[in-house]
Amino acid sequence: MQRVLLAYSPDNQALVDRIQQDLSNRNIVAECLKASDQQGVLAFARHIETTALPVLLFLNDNLLRSRYTMTGLLSCLQNLSQPLLVVLCDGLASDDGGQSYHVVPTQIDRMVHALHYMTHWQNMLLDVGEHFHENHTAAEKVQLEQELDAVRTTANEIADFITYIREKGYISPEQLQAEGYRALYEAFHFQASAPVPQPIAVPPVLPEPEPEPVALAPELIVETPVVPEPAPQTEAVAPQRGGLTFDLPNLIVPKTVSGSALNVDPHKAFESMDHLLHAAEPEPEQEDTQAIVGQALADAQVWSENGHPDRALELLQAIQELYPDDARLETAIQNLQQTADVPAPQLPEPVTQEIPENNNEQEARSYELMGDMAHSKGDYLYAKYCWDKVMELDPEFSGIYMKLGAVCAEQLPEYSQTAQHYLQQALLRNPKEARAYLLLAKLNRQNGASELAMQQYHDAVTLDPELRTRELDLFFFVPAAAPELPQMPEAPALAEAEVVAEPAPVPETPAAVWPEEPAREVLTILITGASSGIGRASAELFARNGHRVILAGRRVEKLSGLKTQLEDRFRAEALVLPLDVRDQQGVAHVLDHLPENWKNIDILLNNAGLAKGLAPIHEGDLQHWETMIDTNIKGLLYMTRAIAPGMVARKRGHIINISSSAGKEVYANGNVYCATKFAVEALTRSMRIDLHAHNIRVSQVSPGHVEETEFAITRFDGDAQRAKIYEDFQPLRASDVAESIYFIATRPPHVNIQDIWMFSTQQASATIVNRSGREV
């Protein structure tokens, strides 16, 4: 018995039922895969990719617009080991909430059709991103981050997907049935019990569809709905929708939408569309021509302003081949050719509708979001472009000058003078913006204005003491003749400098005298038990130094608050990961569903741990023992087992375990807790032996007494009085341990710190403590 998989959107249920019956009459068993949002965003593609059957894919407008079908579908089809036949069929849409439906033709043969779907996915990305920035619980944030990543991936791939389908080839359902399923027999190498029916003598003449209005920029077109000849609206059957409609908040889309917006890779989008630009096009109506040319001018403007005038020129020349009589194209091409070295030539304004002034704020928020996304992907020039648009629309937009100043100062050194202007504007609006003072100080120090830089650095650390580091102290206060640095030219005294006619000469290689901070690799670190104590202090330290942090733990509200703090104070990337390290299945599930851009974990900090009780072995609480063993040993193992394989596959990674001085020496009544930390000690050493051949570093930190944690209050089950064990001496602080962890993690790749065993000055061992009081 020959079998086939029918993969389709619920909107094509009636068509699939007919074809399934036809195939059954031909002794072909058809299994059905109907897309549904109840299966998750990757279920549809994964089912197709793992099937052992040939696949008949019914591609329609609804499927092309759905995140539940399109997520991962391109990769699935490219890796498919079974034969594939694509049937391009009509979709259905409703304008009255599902009371009635009308046919929507599915067309992918023209440039404007492909652009139509590209715009759909860009707008969906904008909507989901706007929704993400609203108030949500941490669990909702995790789900939205995954959704945002899935939509962003599809927005990047939609042009490639359409190109793939065009190159693969497709057939209409009418032709498939009219030819007696000949295409299916040939594609799947099926043997017919009777000779395969030959094509009918006179093939049906399908109506040539009228040109469709451009959907890429709605404000550019005049609607001219196209109703195809077949399947009149009155015969359309309302299907069970299966969740494939989207009820997302409306958002003003910026006037110019291009393939580079919202982290959509402009190079991929442009190259994928190249053959579509040159495809044979039917003669369009006048309104269609105006819309296509207007959109091309708008996209070319974005290419040019984003530093790609060559691509803008190529796009306009391709469009001119289709519409050689349009004067606007000729003018734009001449401008680009005359100003090839200018990053943003002035192009004729595309035909647009003016957006009312009261929508400026919403449009500004849209541009801010696009800039944020571009910045997160390292497209700093485009981020600046978007944020400049925000400033133009609303000069008092909250925080926009700080964003512009920071990106120019830190990522776009050629805009250093512009950065100073933006940062000064930021300080005018918020005189307590410590980071603005720090960035200005760095710019002025690099420009030789050392005294002004020192004052600004002083202002920054006065407002926010946590900005102060030893490296910055050295950068701003290096003595004039530091022995390890070349001799600086003698600077005139301040009184003389006020009357000197010409400034002192600048050395030819100022970087040799005033070295900039070395570029540091951005690491992704997952921290268990991140809601308090050593975990929280470590998250703050890594975030302050520009690294990405995954905050794992049970107390979601605390983690969410910490995430917000890290984002606001350090502009850090942070992800909340609700999990209990004692739950092996939960750990595996959560880590398996990490957003794609968070999967490559560079550092695992196994910090989650606790002590319960302080009793001799014959009086110990069994529940306390279970909790310590499950958390301190099993939790560490579950996390390591889930993450270490990825590190091995990438041939890089670092596992840092938080042990204790109790893992090196026992003390009275510490029995089981000491045993769990001795186990951590043994695991660290054996993990190091197992993983060193794979270029994985393994380390541990073994602190004594540490305050600013919940260790004591947890050990004594919330008894605050018994937990007062640090009042008569100064223990380590959580930040002290965090600095040791950071030191371990930032050594050169050839250095592995095996263990740091640390106490405060007043503690000499687990049981020897100078309790003579704290120093004031």
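This is a predicted model: local features need pLDDT of at least 70, side-chain atom pairs count only at pLDDT 80 or more; totals for chains, interfaces and linings use all residues.
Local features need pLDDT of at least 70, side-chain atom pairs count only at pLDDT 80 or more, and totals for chains, interfaces and linings use all residues. Residues are numbered from 1 along each chain as its sequence is written, and side-chain values use heavy atoms, with hydrogens and water left out.

**Overall**

The protein chain holds 30 helices and 16 strands. Helices (H or I, at least four residues) and strands (E, at least two) are DSSP runs, numbered from the N terminus. The chain has 776 residues, and 49% of them count as buried. Buried means under 20% relative accessible area, exposed over 50%, and partly exposed in between (1.4 Å probe, protein chains only). Take the contacts between residues at least 6 apart in sequence: 72% join residues at least 24 apart. A contact is a pair of heavy atoms within 4.5 Å.

The expected span of a helix is 1.5 Å times one less than its number of residues.

| Helix | Residues | Number of residues | C-alpha span, end to end | Expected span |
|---|---|---|---|---|
| α1 | 13-25 | 13 residues | 18 Å | 18 Å |

In α1, the buried residues are Leu 15, Val 16, Ile 19 and Leu 23. Seen down the axis of α1, they fall within an arc of 95°, so they line one face of the helix. The arc is that of the directions from the helix axis to the C-beta atoms. Their cover includes strands β1 (2-8), β2 (28-34) and β3 (55-59), along with helices α8 (173-178) and α9 (182-188). Asn 27 follows α1 and has a positive phi, near 60°.

In α16, the buried residues are Tyr 382, Ala 383, Lys 384, Tyr 385, Cys 386, Trp 387, Asp 388, Val 390 and Met 391.

**The α24/α30 pair**

Helices α24 (residues 533-544) and α30 (residues 734-745) pack at about 55°, with their axes 8 Å apart. Axes are lines fitted to C-alpha atoms, for helices over the stretch in contact, and angles run from 0 to 180 degrees between N-to-C directions. The two helices are therefore oblique to each other. Angles under 35 degrees count as roughly parallel, over 145 as roughly antiparallel, 65 to 115 as roughly perpendicular and the rest as oblique. On the α24 side, the contact residues include Gly 533, Ala 537 and Phe 542. On the α30 side, they include Ala 734, Ile 741 and Tyr 742.

**Leu 637**

Leu 637 sits in helix α27 (residues 622-650). Leu 637 is partly exposed, at 38% relative accessible area. Arg 582 is 55 residues from Leu 637 in sequence, and 9.5 Å from it in space, C-alpha to C-alpha.
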